[in-house]
Amino acid sequence: MQNTVKEFTPVMNSELDSRVRLFRCRLSDRPDQPGMLVDAYALITERYVVICDTMICPEDMEALLGEIRAELAGRQLLVINSHADWDHCWGNSYFKGQFAAPIIAHERCRMRLLAEEAQEKLRENRQQFPYFHSVALVPPTITFTKRLVIHGGDLTIELFPAPGHQPDHIAAWIPELRLLMAFDAAERPLLCLNTPETVQETRVTLQRLKAMQPRHVLCSHGQTTSPMIIEANIRYLDEIERRSRALLATRKPADEEIGTAALLLGYPLEEVLGDDRDAIDYDFYRQTHDNNIRHILRWLMQASG
Ligand SMILES: [Zn+2]
């Protein structure tokens, strides 16, 4: 616990429109490791300042608003939660007090934040890190299921469901900038499947995001704004499926073999990463890669009975 590190930093990105501001939070239990990096955004439109995700604790939002204080004058503050995972909405309680603001999300995000599992996760994280003591779970106050459009005047923000990573996950499209906020629907170096049942939905969402032909893609994890990330995620899942099908054509692996999935498929994390290796939490992505293979194998085995 003494060695934990938490940093909040604004991120400069000259490729993006100046109305789109990036912020990054780093949380690590080992100072020499990059740990978990999660991004949040502030969109400065004529009418609204829109905060997209609230990171991991209210202090993050205090720091973020400190960076954009001048922009708040004359603009209504709005908050969006991309989904109910802890690293995206645990700063929500900051928007109950002096900076009270509506919090917009998918209806299922509200349900997830109100569920006992969310409280359980908070108790768990409090034991691991000191940064969660000020966190209070605050559910979204405006919810939708199909589509919600924020007309900011100069910028339009179209929110729509992008399920897969989680069932409540949404993405946002700003047509004036051809900018897609994919949040956790795309991720560098690789995305995170949670169950065999979500494999298909995740891929449908990726194809849909690709078809929008964005000029910029913002992912919550992975420090990239390149639209190539969507294609890279699609290729990655295709490659796991191809190798899994090849294996299953010869034999059905035993349960204990699926436990070491990357080994079983002969598809190590290093091969996935290629030359793209900076600031990556190896332990996390090695485990995520293994889980992804496991979920795709089980999904294919279920499909073939
Ligand atoms: Zn996340």
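Two residues are in contact if their C-beta atoms, placed from the backbone, lie within 7 Å. The legends below describe a predicted model.

**View 1. Helices α5 and α6 pack against each other in the predicted model.**
Helix α5, which spans residues 199-211, and helix α6, which spans residues 228-250, pack with their axes 10 Å apart and at an angle of about 150°. Because angles over 145 degrees count as roughly antiparallel, α5 and α6 are therefore described as roughly antiparallel to each other. The crossing of this pair, α5 and α6, is left-handed. On the α5 side the contacts involve Arg 203, Leu 206, Leu 209 and Lys 210, and these meet Ile 230, Glu 231, Asn 233, Ile 234 and Leu 237 in α6.

**View 2. Helix α6 also crosses helix α10.**
The axes of α6 and α10, the latter made of residues 282-303, come within 10 Å and cross at roughly 55°, which makes α6 oblique to α10. The crossing of α6 and α10 is right-handed, whereas that of α5 and α6 is left-handed. From α6, the residues Ile 240, Glu 241, Ser 244, Arg 245 and Leu 248 take part in the contacts, and they meet Asn 292, Ile 293, Ile 296, Leu 297, Leu 300 and Met 301 in α10.

In helix α3, which covers residues 107-114, the buried residues are Cys 109, Arg 112 and Leu 113.

**View 3. Five strands form an open sheet.**
The strands of this open sheet follow the order β8-β9-β10-β11-β12, and their pairing is mixed. At the edges stand β8 (148-151) and β12 (216-219), each with a single partner strand, so one side of each is left without a neighbour in the sheet. Neighbouring strands of the sheet are turned against each other by 20° on average, with direction ignored.

**View 4. Strands β10 and β11 pair within the sheet.**
Strand β10, made of residues 170-174, and strand β11, made of residues 179-183, pair in the antiparallel sense over three bridges. Within this pairing, Trp 173 stands opposite Leu 180 in β11.

How values were computed. Residues numbered from 1 in each chain as written. Predicted model: local features only at pLDDT ≥ 70, side-chain atom pairs only at ≥ 80, totals over all residues. Buried ≥ 20, exposed ≤ 12 C-beta atoms within 10 Å, placed from the backbone. Helix = DSSP H or I, 4+ residues; strand = E, 2+ residues; numbered from the N terminus. Pairing = 2+ DSSP bridges. Axes fitted to C-alpha atoms, helices over the stretch in contact; angles between N-to-C directions. Parallel < 35°, antiparallel > 145°, perpendicular 65-115°, else oblique. Left-handed = near helix turned anticlockwise from the far one by under 90°.
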